[in-house]
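Take a look at the chain below.

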Amino acid sequence: MSKTKNRNNPSNHSNHNSNKPGNARERLQYEREAQARKQVRMRRIGIGSTVVAVVAVGAVVAVALAGNSGGSAGAGQPLVIPAHASGPDGTVIVYGNPNAKHTLDVWEDFRCPICDKLEKADGPTIKQLADNGTYKIQYHMATFLDNNLGGTGSMDALEVAGAALNEGGPTAFKEFHDVLYANQPSEETDGFGNLNTLLDLAKKVPGLVTPQFTKDVENRVFAPWAAKVSDAFNSSGIQGTPTLKLDGQVLNVFDNSSNPVTPAQYTGLVQQAVGTNK
């Protein structure tokens, strides 16, 4: 039913060096030399990146290159929380009446094909019940498929969704959210790992693409925020996407054959859960 996260890859957490010196003086000297070597490598990488950008023709290519570098392109930038972000740490996106009595929590990854499957089957009904005030939706976005499959599409899409939230509020976020799923590429292709692609998709949301929105996307203003949202998901205890909880109660939105429930069945699940949480 769900895509699971691979959090504990030992190779990501271990960097043992058997030749490292033993006493304090030698260790200090070793660390200084290692840091100096690292700085030299980083300078070389910076020079190489500059050459690539100069050889590439036009600003569009430069943006595409940035789009393929994922959240690292925003490394060192200040944390900017999008306007209209919610939650104590600004990592939640609320769609619908924020004062609605009931709350539907949704955990998703923009690159997750099972999320897309649910969206295509029940997305309009999920939205309709928020629009009519049955519940508000709290979106918790993940990016773990970038780690599982390689690439940056989940993180890049989340960054641009943050720019949409900042530019047009929860409605613009939801519209862009729906556009992403309606145009989701195969998860193996990492089709969202390119800012030009995401900007083109953003044009499908009326009024979203303003000069400020485009500038925020190209400058990756919301990259640190996207990383923070991803960290919040990783700390949530949720093991896969999509996961839906209504007032804390899990909704089983897939049948025994891993097919999404019908819109009528989804509505029934919601009515049953709401009835027990009046």
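**The sheet and its surroundings**

Strand 3 (residues 103-109) and strand 6 (residues 243-246) run antiparallel, joined by four bridges. Two strands count as paired if DSSP finds at least two bridges between them. Strands (E, at least two residues) and helices (H or I, at least four) are DSSP runs, numbered from the N terminus. In this pairing, Val 106 stands opposite Leu 244 in strand 6.

This is a predicted model, in which local features need pLDDT of at least 70, side-chain atom pairs count only at pLDDT 80 or more, and totals for chains, interfaces and linings use all residues. Residues are numbered from 1 along each chain as its sequence is written, and side-chain values use heavy atoms, leaving out hydrogens and water.

Strand 3 also pairs with strand 4 (residues 136-142), this time in the parallel sense, over seven bridges. Here Asp 105 stands opposite Gln 138 in strand 4. The whole sheet is open, with five strands in the order 2-4-3-6-7 and mixed pairing. Strand 2 (93-95) and strand 7 (249-250) stand at the edges with a single partner strand each, so one side of each has no neighbour in the sheet.

How many residues of strand 3 are buried? Seven of its seven are (buried means under 20% relative accessible area, with a 1.4 Å probe and protein chains only). In a regular strand, side chains alternate between the two faces of the sheet. On one side of strand 3 lie Thr 103, Asp 105, Trp 107 and Asp 109; on the other lie Leu 104, Val 106 and Glu 108.

Helix 10 (residues 263-275) lies across strand 3, strand 6 and strand 7. Helix 10 runs at about 40 degrees to strand 6. Axes are lines fitted to C-alpha atoms, for helices over the stretch in contact (heavy atoms within 4.5 Å). Angles run from 0 to 180 degrees between N-to-C directions.

Not counting residues up to four places away in sequence, Tyr 135 touches several residues, including Leu 104, Leu 246 and Tyr 266.

Last come the rings. Rings of Phe, Tyr and Trp (its six-membered ring) pair if their centres lie within 6.5 Å; planes under 30 degrees apart count as stacked, over 60 as edge-to-face and the rest as tilted. The count comes to three aromatic pairs. Phe 144 and Phe 233 are stacked because their centres are 5.7 Å apart and their planes at 20 degrees.

Conventions
Buried < 20%, exposed > 50% of the residue type's maximum accessible area, 1.4 Å probe, protein only.
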